[in-house]
Amino acid sequence: MAQPDTKKIFFENLSGAGKAIAVLTSGGDAQGMNAAVRAVVRMGTYVGAKVYFIREGYQGMVDGGENIIEATWESVSSMLQVGGTVIGSARCKDFRTHEGRLKAALNLVKLGITNLCVIGGDGSLTGANLFREEWSGLLAELVEQGSIERQSVETYSALHIVGMVGSIDNDFCGTDMTIGTDSALHRIIEVVDAIMTTAQSHQRTFVLEVMGRHCGYLALVSALACGADWVLIPEMPPEDGWEEKMCQKLSATRSRGTRLNIIIVAEGAIDRHGKPITSSIVKDLVVKCLGFDTRVTILGHVQRGGTPSAFDRILASRMGVEAVLALLETTANTPACVVSLSGNQSVRLPLMECVQMTQEVQKAMDEKKFEEAVKLRGRSFENNLKTYKLLAHRKPESELPVSNFNVAVLNVGAPAAGMNAAVRSAVRVGISEGHKMFAVSDGFEGFYKGQIKEIKWADVGGWTGQGGSLLGTKRTLPAKHVGKIAEQMRTHNINALLVIGGFEALESLLQLYEARATYEEFCIPMCMLPATISNNVPGTDLSIGADTALNAIVETCDRIKQSASGTKRRVFIIETMGGYCGYLATVAGLAAGADAAYIYEEPFDIRDLQANVEHLTEKMKTSIQRGLVLRNENSNENYTTDFIYQLYSEEGKGVFDCRKNVLGHMQQGGAPSPFDRNFGTKISAKAMQWVTKKLVETFRQGRVFANTEDSCCLLGMRRRALVFQPVVQLKGETDFVHRIPKEQWWLKLRPLMKILAKYKTSYDVSDSGQLEHVVHHLPKDSDASVAM
């Protein structure tokens, strides 16, 4: 396919010729490890390095022999969608001894391996760093023993280490998300959603125990994602007397008509005195104090298993490629580093700084400095905890501030999973801030028709896990009805507006901003949250709903590919939604291991189609049995899905046959993913706090009057930060004809997808992670947690 002209630094300058890279997985397994292994092998092979698997982690390195084998391009085919780690992982006592590390060093030197890519937790990465520090001494010892030649010491003088954190607990400081965490959250939320239906039927209380011996991340985020009544985590034990408070909360929830309660307990939960709080203790307490029918479900290793989520596959693929680039750039003086995620950007951090920070968290917990432990966990964890407290625990009416402001919430455009979580968050935060909240049904169409009513705290209970839009949403723009909308705003005395939606929501806010000149009713704070599966809104890297759609596409691609197993060679042509925006096709292509993805932003012609067919034909003649080609619905008006299907069918005759699928509206449906639930919840809470601040700032002489650009904003995720941007300033960044931003960050992922599909291409490394320090890598005044 045609390549965009770019004059930046390309990785062709970084040759891997003559280098040997070994990849191993160590410690507990995590979904997505295979995607990381695949990316390391293919990127390493692509740059001309020799790449080796080390089977069974450090044990395989110590034992050597057939445990260290050269990897080929084909050896990592069909592993992207497989959970766990196909190269094995084992706890290794031998590697903790000097003799064991000496054996490991000998096995590596025999094969000329001086670059190690370690995928594991803090213990595995600490072991790798110790090995690196001892390397020259170990080689000297091997020379003395006569095991290696003296020349080998000079040839293999330095061992380079790059780590990737694979852990479902997300307990490693320095990264927002570790490989496997998102998939574990998927497993938990699937169980919680299933349990909620049976709990509701029988009016039961369920106590769910999730993994997290030393870290409460999974418990906290799953509680946030399902709207649990109570959560118990090791970092922030409940205050003394928590038993009574929890029972009061459960009782109050039932008295408002709710038929179930959900309590989530991390396996390492403790009280203020360090005494364990187990799920059975919580169950006995509820039964004794309240007499509720209560059951316990311990999720156990279900959380480690299953297929990796789209997020984990993309994260692991990006990190794997970044790890190879980091190894190509290392010198003898480069410290061992960890490739990690900050916001939406990959960064490189000194490995031992991250390990020390992680150990400081445990130390703070041991010393009962719990507030410090929460801060050390990072801004993402701290924000999750604050947001959960804000949404789960309702203050008594007497403690609420009285603002006398009315805030309206509405959905605009096509439905997107996560919209309901955002509405719930807005309503509850608004009520906590003392506002009266109003819900508008059916977008601006409902607004001008007067479908506006007050919405209370209890009205949004259970909304987090619901797909679609419970408020109702329409694509109607306000321009033709501004007079009637202004009248409704006067009638209900609306002082601020929160609009949740896609490109139509942006257009709506621009129209309301223009209408300020005619109608003073629109001179109020207005904020938009991007919510669209297409992810085509300017001013944000991510939109609510896009992750759920990606998971739907990737799961379908997995099933479709599996349908061809055991048959002759087959290529699938799959059409995705997105309008003119190629985000879904590109990122789903990366996550599903596609051979090509046709999009509007990267023009293609018949020569490109022909080259793709020939490329697939070559691959099919080897061991590859299945091909996957994605096409964005509006990528080209002439090269339609039918045309591409017929072309591939004709040109592939005798080598492969073809099938096509149009995925359609299944991409818009379904329960929201954990990512979308949390992203929607957290940005909505942040937006409501901004609304409150603006209302206070603009309240003069008994009324709200806001007519500046910065009082009509979009809240979006930009690289590492959540940023409020005036919608007027976004006009210049927008292609209104095709309803897409003029610049889109994910286009930089396209060469990565092509490289992993064995195409020769240029990969821009100018935006690649540079070595930073863990204490400075987060922006000072922003939440860089990308939802999680």
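Rings of Phe, Tyr and Trp, the last represented by its six-membered ring, are taken as a pair if their centres lie within 6.5 Å. By this rule, 16 aromatic pairs are counted in the structure, which is a predicted model.

One of these pairs is formed by Phe-503 and Phe-736, whose ring centres are 5.9 Å apart. Planes over 60 degrees apart count as edge-to-face; the planes of Phe-503 and Phe-736 lie at 70°, so this pair is assigned to that class. Phe-736, at 32% relative accessibility, counts as partly exposed. Elsewhere, ring pairs connect Tyr-58, Phe-95, Phe-131 and Trp-135 into a cluster.

Helix packing was examined for H7 and H13. Two packed helices are described by the angle between their axes and the distance between the axes. The axes of helix H7 (residues 217-226) and helix H13 (residues 379-392) come within 10 Å and cross at roughly 40°, which means that H7 is oblique to H13. The crossing of these two helices is left-handed. On the H7 side, the contact involves Tyr-217, Leu-220, Val-221, Ala-223 and Leu-224; on the H13 side, Phe-381, Asn-384, Leu-385, Thr-387, Tyr-388 and Leu-391 take part. Classified by residue type, the contact of H7 with H13 comprises nine nonpolar and two polar residues, with no charged residues.

Definitions and conventions:
Residues numbered from 1 in each chain as written. Predicted model: local features only at pLDDT ≥ 70, side-chain atom pairs only at ≥ 80, totals over all residues. Heavy atoms only, no water. Axes fitted to C-alpha atoms, helices over the stretch in contact; angles between N-to-C directions. Helix = DSSP H or I, 4+ residues; strand = E, 2+ residues; numbered from the N terminus. Parallel < 35°, antiparallel > 145°, perpendicular 65-115°, else oblique. Left-handed = near helix turned anticlockwise from the far one by under 90°. Contact = heavy atoms within 4.5 Å. Nonpolar A, V, L, I, M, F, W, Y, C, P; charged D, E, K, R; others polar. Phe/Tyr/Trp six-rings, centres within 6.5 Å; stacked < 30°, edge-to-face > 60°. Buried < 20%, exposed > 50% of the residue type's maximum accessible area, 1.4 Å probe, protein only.
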